[in-house]
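Here is a short briefing on how one chain is put together. Look at the model first, then work through the points below.

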Amino acid sequence: EDGKAARKSFRESVRAKAQAHREQQKAENQEVRKENKDKTPQEKAAAMETQMATQYNENKAFRSQIHGEVKAFVQSQLQAKGLPADKIAERMAKIDARFAEAEAHRDQQYQENEALLAKLAQDSDLTKEELRSSLKSHFGQQKEENKQFREERKTERKAAKEAKTQAPAQN
């Protein structure tokens, strides 16, 4: 029961850090938009590309930091339960693999974003409406892809958990 409270407290702490991080980036984005309000669509696209690169690196560092905290927390919880070292190492490897998979997904999307913004920044015939429409379409599609990615991961976790709970019953 004490472990449950610790997990809940830890999750809340991580959520609060993530929320603060998002709010900071949201404010930075608003500032960049305000600074580039009267610029051409190409200049706006270039500014967005720069801001996106900065935030991508900040996000990557933030996720890496949180990943380290999660691993340390899970490891301490498993050690407190008295799990053998090999089981703990197995669990840590799974956590690392899931993190690497998520990072690869984000890296792929970031590269797609970079390519689009570079293309838009070079298009001198682009109107404000065309820029907005292109960005809205691209990021809307990525939002759906992310949703599907998270759902697939959730389904995989659920299936693994069910297989784990059924395995001892079959012995």
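Which residues is Gln-55 in contact with, leaving aside its neighbours within four places in sequence? They are Gln-25, Glu-28 and Asn-29. Keep in mind that this is a predicted model.

**Helix α1 against helix α2**

- Helix α1 covers residues 2–35, and helix α2 covers residues 41–81.
- Their axes are 11 Å apart and meet at an angle of about 170 degrees.
- Angles over 145 degrees count as roughly antiparallel, so α1 is roughly antiparallel to α2.
- On the α1 side, the contact includes Gly-3, Ala-6, Phe-10, Val-14, Gln-25, Glu-28 and Asn-29.
- On the α2 side, the contact includes Gln-55, Phe-62, Ile-66, Phe-73 and Gln-77.
- By type, the residues of this contact are 10 nonpolar, eight polar and five charged.

**Helix α2 against helix α3**

- Helix α3 runs over residues 85–122.
- It packs with α2 at an angle of about 175 degrees, and the two axes are 10 Å apart.
- α2 and α3 are therefore roughly antiparallel to each other.
- The contact of α2 with α3 has 17 nonpolar, six polar and 10 charged residues.

**The length and end of helix α2**

- Helix α2 has 41 residues.
- At 1.5 Å a residue, α2 should span 60 Å.
- Gly-82 follows α2, and its phi is positive, near 85 degrees.

- Gln-55 lies in helix α2. It is buried, because its relative accessible area is 9% and the cut-off for buried is under 20%.
- Gln-42 is also in helix α2. Its relative accessible area is 16%, so it is buried.
- Gln-42 is in contact with Leu-120, Ala-121, Asp-123, Ser-124, Asp-125 and Leu-126, leaving aside its neighbours within four places in sequence.
- Ala-6 sits in helix α1. Ala-6 is partly exposed, with a relative accessible area of 27%.
- Ala-6 touches Phe-73 and Gln-77, not counting residues up to four places away in sequence.
- Ala-6 and Thr-127 are 121 residues apart along the chain, and their C-alpha atoms are separated by 53 Å.

- Side chains of opposite charge can pair when their charged atoms come close.
- How many salt bridges does the structure hold? It holds seven.
- Glu-103 pairs with Lys-60, and their closest N and O atoms are 4.0 Å apart.
- Glu-103 lies in helix α3 and Lys-60 in helix α2, so this pair ties together parts that are 43 residues apart in sequence.
- Glu-103 also meets Arg-63 in a salt bridge, at 2.6 Å from N to O.
- Arg-63 is in helix α2 and Glu-103 in helix α3, so the pair ties together parts 40 residues apart in sequence.
- Buried or exposed: which describes Glu-103? Glu-103 is buried, with a relative accessible area of 8%.
- Arg-63 counts as buried at 18% relative accessibility. Lys-60, at 30%, counts as partly exposed.
- Lys-60, Arg-63 and Glu-103 belong to a network of salt bridges that also links Arg-106 and Asp-107.

- The side chains of Glu-101 and Arg-153 meet in a salt bridge, at 3.5 Å from N to O.
- Glu-101 is in helix α3, and Arg-153 is in helix α4, which covers residues 128–170.
- The two residues are 52 residues apart, and the pair links distant parts of the chain.
- Glu-101 counts as partly exposed at 35% relative accessibility.
- Arg-153 is buried, with a relative accessible area of 13%.

Terms used. Residues numbered from 1 in each chain as written. Predicted model: local features only at pLDDT ≥ 70, side-chain atom pairs only at ≥ 80, totals over all residues. Heavy atoms only, no water. Axes fitted to C-alpha atoms, helices over the stretch in contact; angles between N-to-C directions. Helix = DSSP H or I, 4+ residues; strand = E, 2+ residues; numbered from the N terminus. Parallel < 35°, antiparallel > 145°, perpendicular 65-115°, else oblique. Contact = heavy atoms within 4.5 Å. Nonpolar A, V, L, I, M, F, W, Y, C, P; charged D, E, K, R; others polar. Buried < 20%, exposed > 50% of the residue type's maximum accessible area, 1.4 Å probe, protein only. Expected span 1.5 Å × (residues − 1).
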